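Morning, everyone. I have one structure to show you today. Please take a look before I start talking.

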Amino acid sequence: MAGSRLPRQLFLQGVAAVFMFAFASLYTQIPGLYGPEGILPARRTLRPQGKGRWQQLWETPTLLWEAPRLGLDTAQGLELLSLLGALVALGALLLSPLRHPVIYLLLWAAYLSACQVGQVFLYFQDSLLLETGFLAVLVAPLRPASHRKEAPQGRQAGALPHEDLPFWLVRWLLFRLMFASGVVKLTSRCPAWWGLTALTYHYETQCLPTPAAWFAHHLPVWLHKLSVVATFLIEIAVPPLFFAPIRRLRLAAFYSQVLLQVLIIITGNYNFFNLMTLVLTTALLDDQHLAAEPGHGSRKKTATSWPKALLATLSLLLELAVYGLLAYGTVHYFGLEVDWQQRTIHSRTTFTFHQFSQWLKTLTLPTVWLGVASLVWELLSALWRWTQVRGWLRKLSAVVQLSLVGTATVALFLISLVPYSYVEPGTHGRLWTGAHRLFGAVEHLQLANSYGLFRRMTGLGGRPEVVLEGSYDGHHWTEIEFMYKPGNLSRPPPVVVPHQPRLDWQMWFAALGPHTHSPWFTSLVLRLLQGKEPVIRLVQSQVARYPFHKQPPTYVRAQRYKYWFSQPGEQGQWWRRQWVEEFFPSVSLGDPTLETLLRQFGLQEKSPPRTRSANSTLAQALHWTRSQLSPLEAPALLWGLLMAVGAVRFVQALLAPCSLRSSPLAPVSGEKRRPASQKDSGAASEQATAAPNPCSSSSRTTRRKK
């Protein structure tokens, strides 16, 4: 494995960017979701139980326990955390010195704190961000590379023996995420996945489709089925290649994962989840591929010894054998046949559920041992790099760091085996009991989680959609239009990535069952009847667009419809729909039905919320910040942040010293180059001559003076 200095920097910047999006997106929705007049007030989740301060913090790990000490209620504390988290993440994204373990620990702790009070609205992809964020704590360097005085031979300047170890955990997380996501599609026995027809439904039935989803939905059925085959190939067969000893196989795996994630981003609004997955794929890259080690392609070919030539030939043969095996397995197990007359490719599953279950039982445990073998290799490589460190003091410091990071890496790997083994119950039962105990002790910290995306395809008979309606007299009803979810038949699907509209997302889940399975929906109806502006802003950020902005409706009800994408040629129509049934009965304030539901779900206000002083400087600052940002729609705010980051990066590139821009080994984010040794001066001069640039003369003059 070539050096991973630049991929680690990309990973840390990517994690900071996703944290920034996540905090900013959540901040815009806090009053309507968790405020005193919100759907699920956060203050209900944090009630002191008479336990000690540290015990209380361990059992419910959230910094919001300290909000009262600042004169803030829980929702205001959550606003403060979100604002600070977004700002700190922005700083880490732009400034290299802020990519420090302490910074990422603060980001992780702040988001974990939010998830503790987030309730059902933070049950989505937030667990992946938490797990990745904690890995960033280990990956981030304790000291900038410019402060390091010695590096082992054959490594980048400033590299330490232990640095690649925690980054390996990122690769292991990517493997668990993708492999489990592919396996659960088949273990769920979903007929759409087994019949390879899932994508004929997916584009129109996913949570929040994009305009591109309409066009993808109308592609030929044979292409949809072939796309499902490609999905199984990328999610099940390719992930073991993440640990391949041949770097070209790892790079092929990288590009296949990137292709899948980009296509999902184009056709669906999955907030920051796919961006987070793309960040994880950086663990498959190396410095050589990212041109951090130049000259590999431009060096003149020299005679190599026959063992190296033999090894290169064997590697090439193994690589070709892997590609051939993947191609044969795909054709064989999915019955691919080319119909030249109709210019289509037919596909079908040629294996049974029993055969797949037996294969999974046989393969799951070996994948665990594959992870063990790969981790052992990383540990041995780190130990070898430690032997190259010179100076007993530096050697002692390096072995202490290696011991601590190595222990943490092994512990996190053991913890992750428990949720990973959920894909196959037999393997789960055979795991070492110590791993189960370790996982149980830290499960509430979400250091490792189980994954399984798109387990079952919903909406096979049409996309279920809940439509809220309001009325003043109980006879004339007006639909309440949401900003992002389907409603108006002529409105195109929006593009909101990387924002996650939590309420619109939950409305999709609510439509899959009766309203009693979504107790929060009753609270939403209550807030609309009360005309609470924070909740109205979740429905329409511009209150004037809300049909009952002047006076709350007297009655509210909900209907369930089935939606389908419109057919090509239907001008001005993106959707068509059909009424199915009443989802929520017509109720008004004080209605016995409404009161019964509120009491049944524990949503009644038992006591009025304690009002904290709004005169404190911190509370006033939060109120002023909210008043300045509230006119902006959340996607516009996040895209504005993204454009600001791009502008700052552009200015940084313009202001960068000429020597840094011209030097092929110019370090990232302000890292300083050490003077080249006399041993390497000849090679350096050859590279400078072979690849001249506008600043090369000054660079050579500097080297001669040194």
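I'll go from the whole chain to a few single places.

First, a caution: this is a predicted model. Keep that in mind throughout.

Let's start with the overview. The protein chain has 706 residues, and 48% of them are buried. Its secondary structure comes to 27 helices and six strands. The accessible surface of the chain is about 33800 Å². Carbon and sulfur atoms account for 62% of that surface.

Next, the inside. Find strand 3, residues 463–471. Is it enclosed or open? Nine of its nine residues are buried, so strand 3 is largely enclosed by the rest of the structure. In a regular strand, side chains alternate between the two faces of the sheet. Here is how that looks in our case. R463, E465, V467, E469 and S471 point one way from strand 3. P464, V466, L468 and G470 point the other way. Both sets are buried.

Which strands pair with strand 3? One is strand 5, residues 555–565, antiparallel over nine bridges. Another is strand 4, residues 478–479, also antiparallel, over two bridges. E469 lets you see both pairings. In strand 5, E469 stands opposite R557. In strand 4, its bridge partner is E479. Strand 3 and strand 4 also form a hairpin, with six residues between them. Look at G474 in that turn: its phi is positive, about 85°.

That brings us to backbone angles. Most residues other than glycine have a negative phi, and most peptide bonds are trans. So let's look at some exceptions. N271 has a positive phi, near 45°, and is not a glycine. N271 sits in the loop between helix 12 (247–267) and helix 13 (273–280). Is N271 buried or exposed? Its relative accessible area is 2%, so N271 is buried.

F454 is another case, with a positive phi near 55°. Find F454 in the loop between helix 18 (433–442) and strand 3. F454 counts as partly exposed, because its relative accessibility is 29%.

Then there is a cis peptide bond. It joins V497 and P498, with omega at about 10°. P498 lies in the loop between strand 4 and helix 19 (502–510).

Now a histidine. H217 belongs to helix 10, residues 211–217. H217 is buried, because its relative accessible area is 15%, and the cut-off for buried is under 20%. What does its side chain reach? The side chain of H217 reaches the backbone oxygen of T200 at 3.4 Å. Leave aside the neighbours within four places in sequence. H217 is then in contact with T200, Y203, E204, H224 and F565.

Go to W306, in helix 14, residues 306–333. W306 has a relative accessible area of 67%, so W306 is exposed.

To recap: strand 3 is largely enclosed, while W306 is exposed. And N271 has its positive phi at a buried position.

That's my tour. Thanks.

Technical notes:
Residues are numbered from 1 along each chain as its sequence is written. This is a predicted model: local features need pLDDT of at least 70, side-chain atom pairs count only at pLDDT 80 or more; totals for chains, interfaces and linings use all residues. Side-chain values use heavy atoms; hydrogens and water are left out. Helices (H or I, at least four residues) and strands (E, at least two) are DSSP runs, numbered from the N terminus. Buried means under 20% relative accessible area, exposed over 50%, partly exposed in between (1.4 Å probe, protein chains only). Two strands pair if DSSP finds at least two bridges between them. A polar contact is a pair of N or O atoms within 3.5 Å; within protein, one must be able to donate a hydrogen and the other to accept it, and residues adjacent in sequence count only if both atoms are side-chain atoms. Contact means heavy atoms within 4.5 Å. Accessible areas come from the Shrake-Rupley method with a 1.4 Å probe; for residues, only the protein chains shown count as cover.
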